[in-house]
Amino acid sequence: MKKVDVPFIYSPLYSALDLPPRHRYPIEKYRLLKDWAIKHGAKSNQWFTPQPLNWEQVSATHCTHYLTQLRENSIDKAAWRRIGFPWSKPLLKRTLTSAGGTLLTMKQALINGIAIHFSGGYHHAHKDWGSGFCLLNDLAIACNEILRNAPNLKIAVLDTDVHQGDGTATLFANDHRVFTCSIHGERNFPFSKARSDLDIALRKDTSDKEYLAELQRVLEFIRDHVKPDLILYDAGVDIYQRDELGHLNISLAGIFQRDLAVLNFAKQQNIPIAAVIGGGYQRNLERLVRAHAQLLRASYYLYTESKPLEGKIYEV
Ligand SMILES: [Zn+2]
């Protein structure tokens, strides 16, 4: 088995944001997932700390008027409500750092074959507006930065967060270099769906078996018709049956099988894969982190011979 120390991209800024009490966003999960990884054997040489992107890098994806409004806190109240975070300078820095993190993850994936970002997946951010906790679309920003240096690369964005990747779909609607695919809940946010290159809309209470069969069909489509040079994988865990915002019936074992199937596909096809952890909103943070940790477990399982997976393949 080929051994790789999977690069982990993390910044302490990800959880360093003051939010009002009972805010829906589980801001602590990033730090807790990093702690989980360390507890389960992550080595010091695996960690990479991203830097915030500058506003000019971001302006290749978002409109400058929107970026000025964000910087100056001059977006009207209704538009801010749609985003769902209170405006603050740390929020802007965190957002730019997260975009830098997804870019660094893609670069590390091109070097190592795989890399995992302990943030990212802000897929509801559009060219000139944000929504659903997404100000800037890190996925699109990172793809555009990679393509600026390697214009002939073909990238597949495989978004398995339970919510449709509407911002990413719209931003790349006219760019054939980026294939956008979203597997999501049919009757979930955003209620007005965009059009990805491939959309799989799942009904409420979709089971592990149905989900994994759909995923297999998607992977075969990507293999046969897209043939990407790089995959950007959004491994959101709001598909979990215990997620308050999900409405699918996917078990923890199902999440592990999904992550394993995607990472294994990339490995077998020899396609570098950059993964971001995406959404996941359970109020129970221990369970939430355990769900996100399945991505790390899948990577250990495929890329190392170290011990974290001995015994049980997943924790229930
Ligand atoms: Zn989501």
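This is a predicted model: local features need pLDDT of at least 70, side-chain atom pairs count only at pLDDT 80 or more; totals for chains, interfaces and linings use all residues.
**View 1. Helix α6 and its surroundings.** Helix α6 runs over residues 138-149 and reaches 17 Å from its first C-alpha to its last, close to the 16 Å expected for its 12 residues at 1.5 Å a residue. Because 10 of these 12 residues are buried, α6 is largely enclosed by the rest of the structure; among the buried residues are Asp138, Asn144 and Glu145, together with Leu139, Ile141 and Cys143.

**View 2. The ring pair of tyrosine 14 and tyrosine 30.** The count of aromatic pairs comes to 17. In one of them, the rings of tyrosine 14 and tyrosine 30 have centres 6.1 Å apart and planes at 65°, so the pair is edge-to-face. Since tyrosine 14 lies in the loop between β1 (8-9) and α1 (29-39) while tyrosine 30 belongs to helix α1, the pair ties together parts that are 16 residues apart in sequence. Tyrosine 14 is buried, with a relative accessible area of 0%, and tyrosine 30 is buried as well, at 2%.

**View 3. The ring pair of phenylalanine 85 and phenylalanine 133.** Here the ring centres of phenylalanine 85 and phenylalanine 133 are 5.3 Å apart and the planes stand at 45°, so the pair is tilted. The pair links distant parts of the chain, 48 residues apart, with phenylalanine 85 in the loop between α4 (77-83) and α5 (89-112) and phenylalanine 133 in the loop between β3 (114-117) and α6. Both phenylalanine 85 and phenylalanine 133 are buried.

**View 4. Lysine charges over tyrosine rings.** The charged end of lysine 29 sits over the ring of tyrosine 281, 5.8 Å from its centre, and that of lysine 267 sits over the ring of tyrosine 303, 5.0 Å from its centre.

Key:
Residues are numbered from 1 along each chain as its sequence is written. Side-chain values use heavy atoms; hydrogens and water are left out. Helices (H or I, at least four residues) and strands (E, at least two) are DSSP runs, numbered from the N terminus. The expected span of a helix is 1.5 Å times one less than its number of residues. Buried means under 20% relative accessible area, exposed over 50%, partly exposed in between (1.4 Å probe, protein chains only). Rings of Phe, Tyr and Trp (its six-membered ring) pair if their centres lie within 6.5 Å; planes under 30 degrees apart count as stacked, over 60 as edge-to-face and the rest as tilted. A charge sits over a ring if NZ of Lys or CZ of Arg is within 6 Å of the ring centre and within 35 degrees of the ring normal.
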